[in-house]
Amino acid sequence: MAETIGVVDYGMGNLHSLGKALERVAGSTRVLISYDPDELLGCNRLVLPGVGGVRACMQELKRLELNEMVAAAAKNMPLLGICLGMQVLHEWSDENEGVPALGLVPGKVVRFPDPPADAKERLKVPHMGWNRVKQTRAHPLWAGVPDDSWFYFVHSYHAVPSRAEHVIGTAEYIHPFAAAVARDNIVAFQFHPEKSQGPGMALLANFVGWDGRS
Amino acid sequence: MLAKRIIPCLDIDRGRVVKGVKFEDLQDAGDPVEVARRYDQQGADELVFLDITASSEDRPTLFQVVESVAEQIYIPLTVGGGVRQMADVRALLAAGADKVSINTAAVKNPDFVTEAGDRYGVQCIVVAIDAKRVKPARPRGLARRPRPRWEVLTHGGRRSTGVDVLDWAVKMVQRGAGELLITSVDQDGTRSGYDLELLKAISRAVSVPVIASGGVGELEHLYQGLTEGGADAVLAASIFHQGTYTIGEAKKFLSDKGVCIRL
């Protein structure tokens, strides 16, 4: 039977282009956008996308009973978090006066510092646009993706994993920060692979073929 | 290091790309999907669609265009023009837009920007500001040139508001704008360069990214907008639509001059 990739739809994101991007690289794999926990748990791999604020995101995940589903999925299938979907995999986010998150990757999420008033060049927050990602650790998802490739970011908060070995890629903005994290069968990107042309599509294709082992 | 962005802008009228001078004398410039694909292949960092269709009956045409483009182009897409209520934001994001641009509706109701930012995240809310220079009153005997001022225009640059552009820009960021798209109505269509004083003043005043728009005729203008103007991204339409320069040529020009560009 053909495999299915589940895309978690908690009503906040633009899932249209992510769905289309996954379909483009999925081959015979079916792409299912759903908010039904049972349907999603029946998939072979899962994508947790995300835009918006973390408080609303966690509220919606809980209301739809998707928080437990993601935790269960994280035990037995490849799981990809994107942007806010990466941030909520951590234990805590400072956004919206502080919100406990899913806690599947140890660490927290913090805001970029505002630039000092006397800074020569003011770096704006949100960090919005194309930035290079340095591959700091080997991972199957990096296969065929050149080191220092450009990816599209848009975010004001970034993850700070507690354990250095969970960081597989960094980008530099104001200071170096975790742009890609991985733990067992979980992998997550702060940038948007579905908006990052060739290198982004390569990552999605690698996820579709990934067995969940690092 | 974050790259400066080159953004071609497509004015859309009833499902077609058009180009006019100062929002008038519209000419057909092609099929949106074809034009978007060409820019994507040339290395555009983002695309902006502005729907300038006068009749709201033609609105579904825009959603179809957004959907077709989003299916084929894997770079960020901003859509604006006639975004008046939460339902418009929702429909555009659902059709595949990554950001929506709000202009007149923000002036009418600033709470709309806050609501949209809270619901969908400030990163997908662009506030577009059409700015027109205010002719300074010159009292006799004043030696120093007075500080320049700009006024916010709405309704596609046709209506005055009396609102000061700098005050407005700061207020919009406080309200939840994740990015500002600043168009000089005076410069738009003139091909004589951006209003650099305007860009510089706004870039200094706000903490979110600023997109420069209105007046590009030469690649040097893009460079000026990013350096002297302090913009984070530059938007241009006619120099790309008319094939004067490709996106790739623009990026190489900027990169050769030392600007951080995604090549």
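Visitor: What sits over the ring of A:F207?
Guide: The charged end of A:R45, 5.7 Å from the ring centre. A charge counts as over a ring if NZ of Lys or CZ of Arg is within 6 Å of the ring centre and within 35 degrees of the ring normal. This is a predicted model: local features need pLDDT of at least 70, side-chain atom pairs count only at pLDDT 80 or more, and totals for chains, interfaces and linings use all residues. Side-chain values use heavy atoms, with hydrogens and water left out, residues are numbered from 1 along each chain as its sequence is written, and chains are lettered from A and ligands numbered from 1 in the order in which they are written.

Visitor: Which ring does B:R119 cover?
Guide: The ring of B:Y120, with the charged end 5.4 Å from its centre.

Visitor: And aromatic pairs, how many over all chains?
Guide: Ten. Rings of Phe, Tyr and Trp (its six-membered ring) pair if their centres lie within 6.5 Å; planes under 30 degrees apart are stacked, over 60 edge-to-face, the rest tilted. A:F112 and A:F177 pair edge-to-face, 5.3 Å centre to centre with 90° between the planes.

Visitor: Where in the chain are A:F112 and A:F177?
Guide: In distant parts, 65 residues apart. A:F112 is in the loop between β7 (107-111) and β8 (127-135), and A:F177 is in strand β12 (residues 175-183). Strands (E, at least two residues) and helices (H or I, at least four) are DSSP runs, numbered from the N terminus.

Visitor: Are those two buried or exposed?
Guide: Both A:F112 and A:F177 are buried. Buried means under 20% relative accessible area, exposed over 50%, partly exposed in between (1.4 Å probe, protein chains only).

Visitor: Switching topic. Which residues does a cis peptide bond join?
Guide: A:V125 and A:P126, with omega about 10°. A:P126 is in the loop between β7 and β8 of chain A.

Visitor: What about phi of A:E97?
Guide: It is near 65°, a positive value in a residue other than glycine. Most residues other than glycine have a negative phi. A:E97 lies in the loop between β5 (92-93) and β6 (99-100) of chain A.

Visitor: Why does A:E97 count as exposed?
Guide: Because its relative accessibility is 76%.

Visitor: And A:D184, what is its phi?
Guide: Near 50°, also positive in a residue other than glycine. A:D184 is in the loop between β12 and β13 (186-189) of chain A. A:D184 is partly exposed, with a relative accessible area of 45%.
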